[in-house]
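Please examine the sequence and the structure shown here.

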Amino acid sequence: DVQLSDRVNRIKPSPTLAVTNRAAELRAAGNDIIGLGAGEPDFDTPEHIKDAAVNAIDNGMTKYTAVDGTPGLKKAIINKFQTENNLSYEANQILVSSGGKQSFFNLALALLNEGDEVIIPAPFWVSYPDMVLVADGKPVIITTTQASRFKITPEQLEEAITHRTRLVVLNSPSNPTGVAYTHEELAALGEVLQRFPNVLVASDDMYEHIRFTDQPFCNILNACPELYDRTIVLNGVSKAYSMTGWRIGYAAGPAKLIGAMKKVQSQSTSNPSSISQAAAQAALEGGLECVEKMVVSFKERHEFVVNALNDIEGVECIPADGTFYAFPSFAAVIENDSRFNDDIELAEFLLNEAGVALVPGSAFGAPGNMRLSFATGLSTLEDAISRIKSALA
Ligand code: PLP
């Protein structure tokens, strides 16, 4: 029997990928399954982006690139930060990686020593705690409620900080809740962070462009520029440009930290795919029109889904500010129905009885809720929610 490392024994496979796989298995076995578990847009990658990749192949851009990204893509990223976010970075402050996931992984490995604490507000993206654990760090979870729109308060943040705290993770708009912090809320969190100069901040802006409100996008650095020297901004093309399979994410922050993350990457994967980098550059240089078209659909689906979910007895769903997720509470349903005892059993029940795959809230640190991805057409969503309604009736 092979003895595995403590490191790998402390983590679990991604639960969202597990739900997607289970739905695919059932479908392959001939079942009629609607998968609302996946965290990826259903749209094809826009044509001009695909063309750039084809050109890259035809023009021999098929070799290693610089570990931290091609000069062209890094320039496009610097320009993106300046024009879209009013943030200034030099080339040595940017690292391009194989997806936003690798950006955070590099950060955890470059920053954390054994026992270092990372504050993660729940509900959280499933991978943060496990990536912290791989890096020998200790996730410190701040729980929130639906009543506070799943947002942490400055008091909660201050209470969670100890002398071991190295990093606070902010993800707004959030996967899985879709909720975004306002400028004022971020400024208030920033005020607390200013009093703890040893604490760094990771701002995961992956869903920056998928927003439904008229509020302009704002991250912690926009609200609190004083944190510039200890904030790392994470972003990527996966969600905005429907490029999940291309695997390009990027990080921007203090040169020393970015350099350390680059060193980690140089000894693991080296550069991200040269072809994908050409495509990502075309995405960032090609304007936001293609993104806005997708957002129109997400917004329309969001309205339908929130209303339809709230029509199911016992289900409560707050409207989101962005992303393509709804995160309704099924707490009353679970309490009143003896066919399942918790959200994990409810997910199993809905998969078997309704043929609908949702991710249980426990995976995101929020038992009693369920994540529904509306990155699929309206008619499919109608079908899915009416199936859920009948199965629960
Ligand atoms: N950050 C958040 C909040 C996400 O939801 C995801 C994807 O699910 C990522 C980062 C990573 O994206 P990728 O590695 O696909 O670029």
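Why is strand β5 (residues 165-171) largely enclosed by the rest of the structure? Five of its seven residues are buried, so the remainder of the structure largely encloses β5; a residue is buried if 20 or more other C-beta atoms, placed from the backbone, lie within 10 Å of its own. This is a predicted model, in which local features need pLDDT of at least 70 and side-chain atom pairs count only at pLDDT 80 or more, while totals for chains, interfaces and linings use all residues. Residues are numbered from 1 along each chain as its sequence is written.

Strands here are DSSP runs (E, at least two residues), as are helices (H or I, at least four), numbered from the N terminus. Two strands pair if DSSP finds at least two bridges between them. Strand β3 (residues 117-121) pairs with β5 in the parallel sense over three bridges, and I119 stands opposite V168 in β5. Strand β6 (residues 200-204) runs parallel to β5 and is joined to β5 by five bridges; V201 in β6 is the bridge partner of V168.

An automatic or database assignment sets the domain bounds, giving domain 1 (6-44 + 289-392) and domain 2 (61-285). Their C-alpha centres lie 25 Å apart. The contact (C-beta atoms, placed from the backbone, within 7 Å) takes 36 residues from domain 1 and 29 residues from domain 2.

Around the ligand stand 13 residues, of which G99, G100, K101, N175 and S238 come nearest; a residue is near if its C-beta atom, placed from the backbone, lies within 6 Å.

Conventions:
Contact = placed C-beta atoms within 7 Å. Buried ≥ 20, exposed ≤ 12 C-beta atoms within 10 Å, placed from the backbone.
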